[in-house]
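The following questions and answers concern the model shown below.

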Amino acid sequence: MPAINLMSISVLYATSFAILLLGFLTALSSKDLIRLLIALELMFGAVFMSLIPLFAVAANSAFAASIIVIFTSAGELLVLIAAIVIQDRRVKNILVRDITAGGDKL
Amino acid sequence: MLGALAGVLVLSALGVLLSKDNFYSALFMTLTLVMVATVYALFDLQPLFVLIVFVFVGVIGIVTVALAATYRAMPERQFAWIWCILVLITAVILGFSIFTHTLHGISSPIGFTLQGFLKPGSEYQLLFLFLTSLVILLFLSVIKIYRGEES
């Protein structure tokens, strides 16, 4: 059975943080909803990476958390597809700048 | 091996950010997710590998690639540099807390088995109930949004 040590924990968390950071940057620079969807999926990938060390401590809880993450991601995909379809019907494009509800302005 | 996989992971995630075409970004994202699943396989977590590859990559990844191919366009770059400061502050705080925390001497085996998870009285029943409720709520929300839009 493979063991998880300090070195692998460091690599896993560093990679997870790097992917999360790249996901955030992609989401911030996204101009349309498809790119936003891609960025969110990338962030879920980072969540999966950060869950691996938990398997060494509480394997069943980690597995349950992983399944919840998969379902949440699928739900997020469902909601975003609905948003894309509605936006496309309403304004004939999927650009983020045409979304008038929610969000902060810097 | 883990270091090499981590390197490929970060590079493919960087490809998502740097690629201007959504279609290639979606392909890079799928590659990243396959690599994440490979890391699970490296730690002998086969059930998770199958779940991630078949559900996460096989369904979500492919739907995203198909969507990106349908709405294929060259987006303009939009980037607010002020967010970089916030991200940098968070990275410094996280890095500092990780390096000051004593993690030395940790070396525990991963002993996960699917049979152990599915046995009666485990978290499986609660998880099944929770996920069923989540799916029903999600579908109801989407139907409500869609009906509201049509009317």
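Q: Which domains does the assignment give for chain B, and what distance separates their centres?
A: In this predicted model, local features need pLDDT of at least 70, side-chain atom pairs count only at pLDDT 80 or more, and totals for chains, interfaces and linings use all residues. Residues are numbered from 1 along each chain as its sequence is written, with chains lettered from A and ligands numbered from 1 in the order in which they are written. Chain B is assigned domain 1 (1-76) and domain 2 (116-151), the bounds coming from an automatic or database domain assignment. Taken over C-alpha atoms, the centres of these two domains of chain B are separated by 25 Å.

Q: Which element of chain B supplies the largest share of the side that touches chain A?
A: The contact (C-beta atoms, placed from the backbone, within 7 Å) takes 64 residues from chain B and 56 residues from chain A. On the side of chain B, the residues divide into 47 nonpolar, 12 polar and five charged; Ala, Val, Leu, Ile, Met, Phe, Trp, Tyr, Cys and Pro count as nonpolar, Asp, Glu, Lys and Arg as charged, and the others, Gly among them, as polar. With helices being DSSP runs of H or I of at least four residues, numbered from the N terminus, the largest share, 10 residues, comes from H3(B).

Q: Which residue of chain A is in contact with B:Ile52?
A: B:Ile52 is among the residues with the most contacts inside the largest nonpolar core. Leaving aside neighbours within four places in sequence, B:Ile52 touches B:Leu33, B:Val36, B:Ala37, B:Tyr40 and B:Val57, and, from chain A, A:Phe48.

Notes
A nonpolar core is a set of buried Ala, Val, Leu, Ile, Met, Phe, Trp, Tyr and Cys residues joined through C-beta atoms within 7 Å. A residue is buried if 20 or more other C-beta atoms lie within 10 Å of its own, exposed if 12 or fewer, and partly exposed in between; C-beta atoms are placed from the backbone. Two residues are in contact if their C-beta atoms, placed from the backbone, lie within 7 Å. Helices (H or I, at least four residues) and strands (E, at least two) are DSSP runs, numbered from the N terminus.
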